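The tour below says what to select at each stop.

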Amino acid sequence: MPTSLPSSSRPGADHTPTVGELDLEARSSLRRLSRSSNVHTTEQSDGYDVEYRKLRLEKVVLVAVWTEGSTAQIEASLAELRALAETAGSEVADMLYQRRDKPDSATFIGSGKVDELRDVVVETGADTVVVDGELSPGQMIALEKALDVKVIDRTMLILDIFAQHAKSREGKAQVALAQMEYLITRVRGWGGALSRQAGGRAGSNGGVGLRGPGETKIEADRRRLRQDMARLRREIAGMKTARDTKRRRRDESTVPQVAIAGYTNAGKSSLINALTGAGVLVEDALFATLDPTTRRAELADGRHVVFSDTVGFVRHLPTQLVEAFRSTLEEVLAADVVLHVVDGSDPFPLAQIAAVNSVIGDLVAETGEEAPPEIIVVNKIDVADPLVLAELRSALADRAEVVFVSAATGEGVDELETRLEMHLNALDTTVELLVPYDRGDVVSRLHTRGTVVREEYTDDGTVVEVRLPAVIAAEVDEFRRG
């Protein structure tokens, strides 16, 4: 029998307005649509008949199947699903889970449990059921017929959140492509509009205008979807060219690239604000950052670096999103070092680390590139359970690059910056140069592109001991002393 978990009130967004921050109140207001507009077709506007689901809902019931793990793990998984649903603009009425060896092939939870779920839906007045898993088209149809409400799976929920938060042209195109890849197997017809092929009484060919081979309505819809998907892929490829050009310019500038990656809502944007003072959007919501944010900053030793805030990862991230956001995720592989941010307040932070490493590992395998070195940053230690932090310290004891910080209070941020400086210094070359006095431009460049350790003036010129990127060191090799 499914065990019901008590629902809690929706957490409020905790943020401090900063320069350049989006209007979060305006974002929330976009989520309110009338209940009658929750389900509609795009035949009139897009030309194909697809059931396109907008999660602008009032009440939802969450359902999960427990196949392995402890009770605490399934409750944590449902808590994450609740956060996803609330981020999408829904109010969670109840949360249910069931123990099974594997999901039922017909209805995901079994026919007997469907009746119990129907009673919960009627009792709570919910208009949508959200399933923690990816449903097949058959399972979705069977559940909707049995429950008489709309059924959403985890993948569709995440896609809807991405659609709400995407702001840039590239981000919107990536989300649209991911949605189409998901919807192409779920195209539905409506009544008589289902088919354009001949049909009718036995022995007839369907009458005038309906004889001969034809194309079903669903086939036509899927053909148009494939055409739109091909167009979006071409557009994204063109945008990737522009992104590669910008990245090439950053590489030529020899300024170190630092990518901030990690689980969604782990505090990546808060950390980049703590390190740089930039006004990056901070919101207590999942997937608040979809479009990569790049900020230039100066470390304590005078070194200039570029921080890139990337899209967050999540457990069971839909494959459609991984493919669509490939150009964005490649920012991680192009970095000199990755700050892997972990939410220390999560009850199972090691599972977050595994989920992020899984996505990055798949990306490395497909691209053939080598993953950059990483520094694991355990964030939110000011609100974390001491026992969980102790478990993390023990599990990560063999990792040399682990820092525990709180981006909210600033605790540990100085240590992180020091670790980052030490790591970047290891990538540099220390040289001693003798620069003639008439080459003041070289000395100026050394101060801008490197870290000057020692500088003194002699009869022959300026002696400079400096740490430089290997490329710059090669360019000034003619001034090397001795």
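**Before you start**

This is a predicted model, in which local features need pLDDT of at least 70 and side-chain atom pairs count only at pLDDT 80 or more, while totals for chains, interfaces and linings use all residues. Residues are numbered from 1 along each chain as its sequence is written, and side-chain values use heavy atoms, with hydrogens and water left out.

**Whole chain**

Show the cartoon. The chain has 16 helices and 16 strands. These are DSSP runs, numbered from the N terminus: helices are H or I with at least four residues, strands are E with at least two. Of the 482 residues, 50% are buried. Buried means under 20% relative accessible area, exposed over 50%, and partly exposed in between, using a 1.4 Å probe and protein chains only. Take the contacts between residues at least 6 apart in sequence: 71% of them join residues at least 24 apart. A contact means heavy atoms within 4.5 Å.

**Helix H4**

Select residues 111-124. This is H4, with 14 residues. From first C-alpha to last, H4 reaches 20 Å, close to the 20 Å expected at 1.5 Å a residue. The expected span is 1.5 Å times one less than the number of residues.

Which residues of H4 are buried? Colour Lys113, Val114, Leu117, Val120, Val121 and Thr124. Now look down the axis of H4: the buried residues fall within an arc of 120 degrees, so they line one face of the helix. The arc is taken from the directions from the helix axis to the C-beta atoms. Turn to the other side of H4, where Ser111, Asp119, Val122 and Glu123 are exposed.

Just after H4, stop at Gly125, which takes a positive phi of about 75 degrees.

Select H3 (residues 71-87) and H6 (residues 154-165). Their axes come within 9 Å and cross at roughly 40 degrees. Axes are lines fitted to C-alpha atoms, for helices over the stretch in contact, and angles run from 0 to 180 degrees between N-to-C directions. H3 and H6 are therefore oblique to each other. Angles under 35 degrees count as roughly parallel, over 145 as roughly antiparallel, 65 to 115 as roughly perpendicular, and the rest as oblique. Show side chains at the meeting point: residues of H3 including Leu81 and Leu84 meet residues of H6 including Leu157 and Ile161.

The axes of H6 and H7 come within 9 Å and cross at roughly 155 degrees. H6 and H7 are therefore roughly antiparallel to each other. Here Thr155, Met156, Leu159, Phe162 and Ala163 in H6 meet Val175, Ala178, Gln179 and Tyr182 in H7.

**Single residues**

Most residues other than glycine have a negative phi. Where does Asn265 sit? Look in the loop between strand E8 (257-262) and helix H9 (268-276). Asn265 has a positive phi of about 65 degrees although it is not a glycine. At 22% relative accessibility, Asn265 is partly exposed.

Go on to Lys380, in the loop between strand E12 (374-379) and helix H13 (386-395). Lys380, not a glycine, has a positive phi of about 65 degrees.

Finish at Ala354 in helix H12 (residues 349-367). Ala354 is partly exposed, with a relative accessible area of 46%. Pick the C-alpha atoms of Ala354 and Arg315: 9.0 Å separates them, though the residues are 39 apart along the chain.
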